[in-house]
Amino acid sequence: MPGDVCFSRTSESRTRPFLFFMTVSPANHDQDSPLAPGLYLVATPIGNLEDITLRALRVLRSADRIACEDTRQTQKLLNHFGIQTPTISYHLHNEGSRAEELLAQLQEGSRIAVVSDAGTPGISDPGHELVTAAIAAGIAVFPIPGANAAINALIASGLSTESFTFHGFLPAKEGQRRTVLEQLARDGATHIFYEAPHRILDTLSDLQTTFGAAQHVAIGRELTKLHEEFLRGPVSELRSQLAARAVVRGEIVLLFSPAQNDAGPTTRSIAADVAALMQSESLSEKDALKRVARERGIGKSEAYRELQREQNRLR
Ligand code: SAM
């Protein structure tokens with residue numbers, strides 16, 4: 001029922017009045033309830049400080065410790081909100097050893113909050129290892145929802161939200177990136193990637209080669225920040241638009257949904273084209289490859305690398 005509350009001694013989310021249908025109950029004394037022991041995964045803003053939730057602030061204030069990806073970065077947030085909870089570093093390079101230490105404290109009944117530099121911990125950020133260790137040790141794990149770049153880019157992208165896959169970052173190396181793109185499902189689902197600004201042009205080129213110049217793409221840049229921007233359109237146009245800028249800056253989410261029946265220019269394999277030319281025009285493999293490269297508008301070495309990738313995939 002609206003305004004109903006339910007209580008339990010075991011779960012943090014149930015030790016407090018629980019609001020249904022977004023009603024604000026006068027019986028909501030959240031800020032007075034002590035935090036239950038356990039691991040709290042606290043989402044923090046991805047740009048706009050107003051995106052911190054009341055619950056996140058309460059948890060950060062009441063926790064025994066905050067494990068931070070970068071203590072200096074989080075300290076700015078804590079200072080802004082006048083929070084004095086002690087912090088400890090928990091990042092990619094000490095995830096394993098720090099997880100053990102934090103787990104020991106959790107087993108003694110501590111309330112530990114985990115935050116990343118921005119957004120939701122565990123999403124292309126540290127957190128997962130500690131979560132699995134806590135679960136295995138029977139410790140309660142509480143998600144404290146909030147900002148996430150992928151989901152916010154998705155909901156404003158105009159692309160299908162019905163079915164989507166979040167892939168994190170694409171590989172930095174071109175060959176590996178192309179392989180990932182080529183293997184994406186073409187089932188109408190939206191694919192979401194994080195991308196660095198200095199790689200976005202190369203990635204768009206790879207996308208164009210893989211799915212064709214008309215492939216519709218959405219880019220969410222600097223979400224929730226002063227210079228928030230959405231670009232939506234054919235990959236070739238977005239690439240030209242960004243290439244015309246002196247420099248592409250900021251944080252980027254890239255989204256697209258390869259059309260189900262979109263054959264794309266490179267679904268025909270280079271190996272098949274080369275073999276066809278060798279047979280029909282009695283060309284050597286080298287000359288056939290040269291011709292295929294020319295017809296596809298790519299360099300000989302790129303065509304050769306692509307041929308090798310195709311052969312590796314068949315092995
Ligand atoms: N855990 C974070 C989250 O929940 O979104 C993501 C952390 S990941 C290390 C950082 C990447 O997320 C950035 O390189 C960018 O691709 C994306 N990102 C983070 N903040 C963003 C923003 N404000 N606008 C666009 N993309 C953002």
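Which polar backbone atom lies 2.8 Å from a nitrogen atom of the ligand? In this predicted model, where local features need pLDDT of at least 70, side-chain atom pairs count only at pLDDT 80 or more and totals for chains, interfaces and linings use all residues, the atom belongs to Ile123. Residues are numbered from 1 along each chain as its sequence is written, and side-chain values use heavy atoms, with hydrogens and water left out.

The ligand taken alone exposes 570 Å², of which the protein buries 90%, areas being computed by the Shrake-Rupley method with a 1.4 Å probe.

The shell around the ligand comprises 19 residues, among which Thr120, Ile123, Asp125, Tyr194 and Ile252 come nearest, a residue being near if one of its heavy atoms lies within 4 Å. By class, the shell holds nine nonpolar, five polar and five charged residues, with Asp, Glu, Lys and Arg counted as charged and Gly among the polar ones. At least three shell residues are drawn from each of domain 1 (23-147) and domain 2 (150-256), the bounds of which come from an automatic or database domain assignment.

Conventions. Polar contact = N/O pair within 3.5 Å; in protein donor to acceptor, adjacent residues only side chain to side chain.
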